[in-house]
Amino acid sequence: MISKIKQINYDAEPSSSTNSIQIADLNNDHIIDLVYRSESNIAIRFGLSNGNFSNEIKYSLGNEKMKCQYITIADLNNDKQMDIITANVNGDNLSIFIGYNYGEFYLISNYSTGNASTPFWVTTADINNDNIQDIISTNTGTNSIGIFLGFGNGTFNQMISYSLDENYSPYSIILNDINNDNYFDMIILTEYVTGDGYIIILFGYNNLTFINKYKYSTGENSFPFTMTLVDFNNDNYFDIAVANTGTNNIVIFFGFGNGIFTKQTSYSVGNSTMPYYIIATDFNNDNISDLVVSCLGNDEIVLFLGYKNGTFQLSKTYSTGFGSKPYGLTVADLDNNKQLEIIVSLWGSGDIAILSLYDAAIFSTEIVYSTDLTLKSSSLSIADFNNDNLTDIIVANSATDDLIIYFASINNSYSKQIKYYIRKNFHPEYVLSCDINNDNNSDIISINTKNNTFSFIIGYGNETFNEKQFIYSTGDNSKPIFALSNDLNNDNRSDLIIVNSATDNFGIFYNFNYTSFYNQQIYSNKNSLKPTDIIIENFNNDKYPDIAVTFSGNDSLGIFFGSKYGNLNNMSIYSTGNNSQPNSLKTGDFNNDGQLDIVVANWATNNIIILFGYNYGYFHNIKSYSTGNNSNPTYIDIADFNNDYQLDTVVVNKGSNNILILLGDKNGSFQNLISYSTGYGSKPESLAISDLNNDNNMDIIVANLYTHNIGIFFGYGNGKFHNMITYKTEGPMAISIADLNNDYNKDIAIANYLGNNIAILFGSGNGNFSSIKTYSIGFGSLPKSILIHDFNNDQKLDLAITKSGTNEIVILFGFGNEIFLL
């Protein structure tokens, strides 16, 4: 039975045809935009803050007869702006449009895929592990795969071609590590000359070598075109789903984690449906992947609901209109109702259609127009705003110029909320909660990046706030991004330190009557550019806070010394080395002289340096330690790894895929530099330090984003560590450690950025962990950070997660017994 839906049409262009469709934030305004094909152009509609979209903007492919078959989006030149790549099926080339000025594009080049190659699909990956995106195309006409190695500036080398067997034409491709050897493999969907379909798998090795082909049939005369790669049966191994246009079915291949798959399981879509495009996501919020398929033959969208054992049931079908020919698909939560919408390109009518979801995978209205609306929550803070001894949450929404406060209730919910509007185009990017006026009620500081101000909002402790904001300028074009609160002049009033990204300085606002601030005092150096890390310490033992800042733009460390009245002396500059680009710092007394020293990680020169403190505030005898060629250290931490009561250092080397241990001695030197691999192509993102096996030795836990695992290095207590033991996850970004099930053993909570879930490894206390348990937090949530805290005062730890993809904060309430509920 076909479910009826309301449809409103907005033409992409008269007489146009649309096929591929993608969504991304193209102009960095924290609102999702839409990209699709419109005849011999690519078309863009920019999302607006009110949920509507701009008029269509077109960019020519360079030839009025050129038509792209597929579009993909990635940052090709590392400028934090999205670029667009098209596969031009009748031009035998790829077009690359480079993004600039936050929303504009120019055609930088067309790259040939070979005479009569007919490129059908294009995707990106860092296939040679050089931290630069490469491009991979399926060349249907020449039965080959093309790889274009990137230079990091938006340009690429000439194509390297990988030929398939004669008469096997590739249509789509997915790159992932399906045999857990830390190398990218190619999963290629092909069509034999007779129309029979095959999945061909090429296993990747070092030096761009792909060998040991496996081949799986999708059926005689199946004519497959698209596929998706997901774990359908919850065994932590990738499975494959294929849409077969010729045989009107979808087929599933279950993986064993070693590159081998079972024979296909088939599900009929219906006679003459011609299923074309297939995607997987969780539509009914049951933490299980479902499938949605576009059907060219009967102008319908079909939904299959999944079960945890990997089986599926056809649930609903939805008409997109006679002759509409639904083609490309993507999904997003467009109206922020925690339900996904399906966005469809209609090849026949040239429209873009949106199917709106309600009641766990039942669709209501279909609005044919464009894509996403997102708040893009950029910062959060916690405090008790109503003095009920419960932890409330405040979120800064830069796209909608407001703050939202979520009040905790005793029944574990945050259903009550209020919105506090800042002002139009202020774009609050950071929020801080503290008691500015010493009335024992939490107040709010909103850092307004676009307007170059901060707002001070007085809280009354009863869920209300002063309607009048006190607004202070941080300077023309300063673009403030971060703030700290501290009493800098010992007058028992909270002062503010604000980092200004565009003017390369920081300003101090001194509180003078508990509700007002003096004009800011600017502290900078004419050569200081790009502050990357900041820390407050008392370096000269005078009881007054000092400030240390790393500047990557001019390769230096700056020290500002505090005084009795809160003033800071002129900055003392210490070079971190030519072209060093320092990005992280920590402090500790490394040489046991009772004075703080500073350790800095230099990303570009691949080293760390130690600046030793002396004479209470001065630094000298800088020592440098290499972290290895192309190591690109991104994070540094300190602990005692060999139980000699001396501080040691661990460095995360994202470029060389390892961690480096430097053992300290009592004189401040580091000996026995030992590196431990985190796996080829792992790109370690973060780490945590804890004693996981109760042997009184520090262990190290690393989040390996690209190889989809966390690695545990168990310490022996002598500065050495056991080789990494891995636990498979889905693109981990952050780690937090605590006893979550009240068994007195450390557990590991993981934010899986690429898996859109939270995973927990429950520890046994001896270094072993249970099978990983996952808790879905929604498709497209992209969790980036995780915090452990008892939010509802029940003496049981809960989890707070920031969802960067859907702009939400989610709380998983713990029961102390390995159960967590929303």
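Two strands are said to pair if DSSP finds at least two bridges between them. The views below show a predicted model.

View 1. Asparagine 88 stands opposite asparagine 93 of strand 9.

**View 2. Strand 13 pairs with strand 12 and with strand 14.** Strand 12 (residues 134–139) is joined to strand 13 by 5 bridges in the antiparallel sense, and serine 137 has glycine 146 as its bridge partner. These two strands form a hairpin with 4 residues between them, and asparagine 143 in the turn has a positive phi of about 55 degrees. Strand 14 (residues 160–163) pairs with strand 13 over 4 bridges, also antiparallel; here isoleucine 147 stands opposite isoleucine 160.

**View 3. Both faces of strand 13 are covered.** In a regular strand the side chains alternate between the two faces of the sheet. Ser144, Gly146 and Phe148 are buried on one side, and Ile145 and Ile147 are buried on the other.

**View 4. Asparagine 756 lies in a loop between strand 60 (747–752) and strand 61 (757–761).** Asparagine 756 counts as buried because its relative accessibility is 12%, under the 20% limit. A polar atom of its side chain lies 3.1 Å from the backbone nitrogen of serine 781. Residues touched by asparagine 756 include Ser776, Phe779 and Pro783.

Key
Residues are numbered from 1 along each chain as its sequence is written. This is a predicted model: local features need pLDDT of at least 70, side-chain atom pairs count only at pLDDT 80 or more; totals for chains, interfaces and linings use all residues. Side-chain values use heavy atoms; hydrogens and water are left out. Buried means under 20% relative accessible area, exposed over 50%, partly exposed in between (1.4 Å probe, protein chains only). A polar contact is a pair of N or O atoms within 3.5 Å; within protein, one must be able to donate a hydrogen and the other to accept it, and residues adjacent in sequence count only if both atoms are side-chain atoms. Contact means heavy atoms within 4.5 Å. Lists of a residue's contacts leave out its neighbours within four places in sequence.
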